[in-house]
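Student: I would like to learn how to read a protein model. Could you take me through one, feature by feature?

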Amino acid sequence: MSPTQIATRPDWRLEIQRAYTKPELLLANLGLNPEQFQADCKARSLFPMRVPRPFAQLMQQGNRDDPLLLQVLPRTQEFDKTEGYTDDPLGEISDNVLTDEVGGLLHKYRSRVLLIVKGGCAVNCRYCFRRHFPYQEVRFSQHELQQTVNYLNRHPEVNEVILSGGDPLMASDAQLKSIVEQLASVTSLKRVRIHSRLPVVIPSRLTQQLKELLVSTRLKPILVIHANHGNELSDTLEQHLNDYNRAGILLLNQSVLLAGINDSSAALSRLSERLFDANVLPYYLHQLDKVSGAAHFEVSDQRAQQIWQEMNHALPGFLVPKLVRELAGEQSKTPIMPAGPVSIT
Ligand SMILES: *Cc1c(COP(=O)(O)O)cnc(C)c1O
Ligand code: SF4
């Protein structure tokens with residue numbers, strides 16, 4: 001590779017290459033003894049470990065229960081078989097959604113479609129509902145994009161396209177620009193929304209080019225980041241998000257409720273406050289999807305409702321996310337907020 005190529009490769013791409021893939025190395029750099037995690041490390045065979053360094057830098061030295069570490073470190077519990085937990089909790093593989101009419105397009109909800117523009121992620125989250133997803137089958141090139149545009153022209157009830165994955169921000173800014181420009185030609189579309197965890201794990205992914213392409217389209221841009229804990233909102237991330245917000249991009253967050261990581265009103269209230277510092281509004285708090293290998297992260301609906309009620313008392317309404325579950329075959333996410341006061345026993 002020539003020196004100029006190295007110089008022009010964006011910083012975030014280098015961070016993806018430099019990510020930790022060996023638990024032993026991550027643990028040692030956190031001042032933890034890898035020998036105490038030997039059984040855990042075997043769970044890499046179920047789902048590879050992948051942890052970008054900027055995310056690892058937010059973990060506390062010497063803390064084996066660090067809420068960021070627990071989201072990404074392989075654990076022996078992932079080998080447990082649990083009733084009700086499957087490889088395809090949302091029926092996405094069995095519905096054959098990827099080989100349907102248009103590759104990579106999911107049209108489950110009336111007014112918006114989801115496009116799987118990129119298979120992989122920068123980080124592998126152990127609770128991921130797509131940990132068994134056949135990503136190698138995902139192709140989203142010019143052909144799929146043209147088919148998507150044709151599909152959208154035949155479906156004027158769709159006014160919003162959600163770029164998803166994997167992680168859509170694994171695509172280059174040039175690819176994203178081409179996608180957004182062609183989508184903008186569909187007159188019935190009003191919004192383009194990106195769902196991504198990349199900004200949280202590698203803040204430098206929020207490049208100036210990405211910001212410019214999002215604010216220069218006629219479509220209203222929305223960026224939904226995926227942060228689960230207040231410690232994920234670094235000052236660097238906050239600066240990037242403030243910059244995007246000033247440019248006119250609506251910023252939202254969605255989280256997954258995770259046992260041992262954020263399952264308290266105190267942790268989630270702090271997350272909401274940190275999000276607001278960065279001009280991000282909480283959108284959804286998801287109950288875990290029942291994917292095999294993730295049962296140890298489960299929080300019961302009753303406990304979830306209790307936590308939500310406590311947040312509702314502690315925060316202004318705009319900092320309380322909607323508590324929802326995704327059920328295969330439903331027309332929308334299913335709200336599970338309590339209708340009235342929850343008795344706290
Ligand atoms: C979650 C999801 C959406 C978006 O739902 P919103 O309630 O608009 O955030 C759209 N399509 C699919 C397939 C989804 O899973
Ligand atoms: S970033 Fe999202 S899609 Fe990727 S592994 Fe994590 S939870 Fe799954």
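Student: How many aromatic pairs does the structure hold?

Tutor: Keep in mind that this is a predicted model. The structure holds three aromatic pairs. In one of them, the ring centres of phenylalanine 276 and phenylalanine 318 are 5.6 Å apart; their planes meet at 50°, so this pair is tilted. The two residues are 42 places apart and link distant parts of the chain: phenylalanine 276 belongs to helix 12, while phenylalanine 318 is in the loop between helix 13 and strand 8.

Student: Is phenylalanine 276 buried or partly exposed?

Tutor: Buried means under 20% relative accessible area. Phenylalanine 276 has 38%, so it counts as partly exposed. Phenylalanine 318, at 47%, is partly exposed too.

Student: Which residues of helix 8 are buried?

Tutor: They are Asp173, Leu176, Ile179, Val180 and Leu183. Because they cover an arc of only 125° around the axis, they lie on the same side of helix 8. Their cover includes strand 2, helix 7, strand 3, strand 4 and helix 10.

Student: What should I know about a nonpolar core?

Tutor: In soluble globular proteins, nonpolar side chains tend to be buried together. Here the largest nonpolar core has 91 residues, and those touching the most other members include Met59 and Leu163. Beyond its neighbours within four places in sequence, methionine 59 is in contact with residues including Leu26, Val51 and Val72.

Student: And how many disulfides does a search of the whole structure find?

Tutor: A disulfide is a covalent bond between the sulfur atoms of two cysteines. The search finds zero here. Cysteine 125 is buried, at 9%, and cysteine 128 is partly exposed, at 22%.

Terms used:
Residues are numbered from 1 along each chain as its sequence is written. Chains are lettered from A and ligands numbered from 1 in the order in which they are written. This is a predicted model: local features need pLDDT of at least 70, side-chain atom pairs count only at pLDDT 80 or more; totals for chains, interfaces and linings use all residues. Side-chain values use heavy atoms; hydrogens and water are left out. Buried means under 20% relative accessible area, exposed over 50%, partly exposed in between (1.4 Å probe, protein chains only). Helices (H or I, at least four residues) and strands (E, at least two) are DSSP runs, numbered from the N terminus. The arc is that of the directions from the helix axis to the C-beta atoms. Contact means heavy atoms within 4.5 Å. A nonpolar core is a set of buried Ala, Val, Leu, Ile, Met, Phe, Trp, Tyr and Cys residues joined through side-chain atoms within 4.5 Å. A disulfide is a pair of cysteine sulfur atoms within 2.5 Å. Rings of Phe, Tyr and Trp (its six-membered ring) pair if their centres lie within 6.5 Å; planes under 30 degrees apart count as stacked, over 60 as edge-to-face and the rest as tilted.
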